[in-house]
Amino acid sequence: MGTKQSKEISSSSERQEQVGDPDKETVMEEQNTTEKQVSCVVVGAGQRGSGYATYAKSFPDLLKIVAVADPSESNSSRFKKTHNIDDSMVFSGWKELATMDKMADFACICTPDRVHKDAAMAFIKKGYHILLEKPMATSEEDCTEICEACKEHNVMLCVCHVLRYYPPNLKIKELIESGIIGDVVTIQHLEPVGFFHFAHSYVRGNWRNTEQSSFSLLAKSCHDIDLICSWMPTQCKRVSSFGSLNHFKPENKPKDAGNRCTDCSVESTCPYSAVKIYLDRAKRGNFRWPVSIVTDVEDLEVLKEKLQTGPYGRCVYECDNDVCDNQVVNMEFEGGKTASFTMIAFTESVCARQTKVFGTLGELTYNGDIEVDHFDFLSKQRKTYYCTSNATAGLGGHGGADFHLVQNFIKAVAENDPSYIKSGIDETLESHRIVFAAEQSRLSGKTYQRTDDGKWVVS
Ligand SMILES: NC(=O)c1ccc[n+]([C@@H]2O[C@H](COP(=O)([O-])OP(=O)(O)OC[C@H]3O[C@@H](n4cnc5c(N)ncnc54)[C@H](O)[C@@H]3O)[C@@H](O)[C@H]2O)c1
């Protein structure tokens with residue numbers, strides 16, 4: 001897999017310059033050279049499912065969508081129109097579609113977190129290859145079952161760890177593997193969720209409650225734990241974690257605040273106000289995410305009504321949320337290497353991760369944009385790699401990584417070659433298991449260690 005990964009990075013010339021005068025390099029993924037068309041069924045035509053499906057609009061010779069399953073009438077009918085799908089191929093849910101004979105090469109499963117496992121199992125058993133949104137499932141047992149079933153039925157599984165396909169992250173991996181920073185000793189990785197993004201998704205929105213979706217380390221940060229594992233050359237052996245829901249709870253509600261932002265006397269003093277997050281954006285003509293999640297009708301009156309009555313207008317201190325708004329994870333790897341991860345809600349930056357990799361010969365720094373910096377201890381020289389993506393198909397999400405993920409998975413299916421999938425079945429299960437162990441550590445206050453059979457137990 002590593003070989004194919006590096007093959008797909010084309011770099012311009014490399015020059016070394018003095019500290020403070022960074023060099024340029026562009027990292028881009030190749031366009032899809034596969035000729036064969038593959039077909040898919042889309043299960044869950046919401047944000048992610050309809051996003052991935054745009055690939056078929058731009059590259060109809062490479063991807064054909066034959067059916068859609070979604071209980072949401074508005075989502076399935078929009079999807080049906082966009083992709084010109086016959087009425088007979090529109091299903092009211094994954095179960096209804098799964099009763100049919102296999103009709104495509106792969107199933108793209110983008111249902112809510114709690115609907116991943118049963119849907120995935122049904123399509124795996126039918127012999128579909130699986131493109132499955134993260135997290136794979138909401139319990140370790142279910143994740144294990146999915147992976148075992150894929151092996152038993154000989155189907156490919158790609159869990160949408162899109163960040164593995166993000167050019168700066170690929171560059172970090174390439175540089176580590178090149179040996180340029182010597183032995184990696186520790187990695188520091190920060191996930192800044194963004195103050196309004198957190199309020200939108202993890203306080204008022206779909207990922208606010210563990211029972212209804214999953215804990216935030218799994219829902220938000222399984223990507224990051226997976227990335228750290230992909231960068232680190234050895235296996236994670238021990239893990240510990242701390243974290244809490246620190247802020248978004250009733251005791252922090254300001255005096256005199258109302259239960260709805262549209263009717264709150266201290267609204268103007270609150271950065272998390274729904275009026276600011278949604279209404280003010282829409283008044284400036286911006287109905288895109290996160291406003292589009294509140295209403296798909298571009299009308300200020302409709303939006304106001306949704307904020308007065310629906311979940312997204314609630315006071316952030318009066319929601320049924322319980323997921324952590326801050327969490328740290330410490331990881332120990334074979335050979336005494338370590339990593340520390342922080343997920344934090346309270347940031348200006350929205351999901352622009354920051355990473356430092358400390359090696360015995362040098363240091364890599366990534367600050368959330370397109371540059372990866374390398375500092376070499378011996379020459380004391382610095383080099384900056386500018387890592388951009390040539391993503392097309394309207395799939396620019398995650399800095400183009402969404403596009404590259406779909407492109408690679410389609411290649412894998414077309415050529416029957418799983419090496420295009422950058423996070424294989426075993427690695428994905430491994431990193432999900434670390435996430436479950438970290439959450440257990442947070443809850444129990446104990447350190448967890450990996451056993452030889454890949455399970456995690458109290459240390
Ligand atoms: N890879 C990433 O970076 C990333 C980013 C955001 C979300 N996600 C994950 O993607 C998944 C989907 O998220 P989303 O933002 O698209 O949510 P969404 O709510 O926009 O879409 C989910 C869709 O699934 C449909 N659905 C519900 N039950 C179904 C069933 N029984 N059969 C078929 N469809 C069903 C819903 O009606 C909805 O249209 C979630 O698991 C989420 O955690 C991943």
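**Close-up views of a predicted model**

View 1. Because its relative accessibility is 52%, Gly336 counts as exposed, where exposed means over 50% relative accessible area, buried under 20%, and partly exposed in between, with a 1.4 Å probe and protein chains only. The model is predicted, so that local features need pLDDT of at least 70 and side-chain atom pairs count only at pLDDT 80 or more, whereas totals for chains, interfaces and linings use all residues. Residues are numbered from 1 along each chain as its sequence is written, and side-chain values use heavy atoms, with hydrogens and water left out. Gly336 sits in the loop that links strand E11 (326–333) to strand E12 (337–344); helices (H or I, at least four residues) and strands (E, at least two) are DSSP runs, numbered from the N terminus. Although Gly336 and Val185 are 151 residues apart along the chain, their C-alpha atoms are separated by 7.7 Å.

View 2. Beyond its neighbours within four places in sequence, Asp183 is in contact (heavy atoms within 4.5 Å) with Lys337, Phe358, Gly359 and Thr360. A separation of 30 Å is found between the C-alpha atoms of Asp183 and Val193, which are ten residues apart along the chain.

View 3. The ligand is surrounded by 26 residues, of which the closest are Arg48, Asp70, Asn75, Asp113 and His116, a residue being near if one of its heavy atoms lies within 4 Å. By residue class, the shell comprises ten nonpolar, eleven polar and five charged members; Ala, Val, Leu, Ile, Met, Phe, Trp, Tyr, Cys and Pro count as nonpolar, Asp, Glu, Lys and Arg as charged, and the others, Gly among them, as polar. At least three shell residues come from each of domain 1 (35–160) and domain 2 (163–249 + 321–403 + 417–458).

View 4. A polar side-chain atom of Asp113 lies 2.5 Å from a ligand oxygen atom, while for His116 the distance from a side-chain N or O atom to an oxygen atom of the ligand is 2.8 Å. For His223, the corresponding distance is 3.0 Å. Of the 850 Å² of accessible area that the ligand has on its own, the protein covers 83%, with areas from the Shrake-Rupley method and a 1.4 Å probe. His223 is also one of the buried residues of H10, a helix spanning residues 222–231 in which nine of the ten residues are buried.

Note on methods: A polar contact is a pair of N or O atoms within 3.5 Å; within protein, one must be able to donate a hydrogen and the other to accept it, and residues adjacent in sequence count only if both atoms are side-chain atoms. Domain bounds come from an automatic or database domain assignment.
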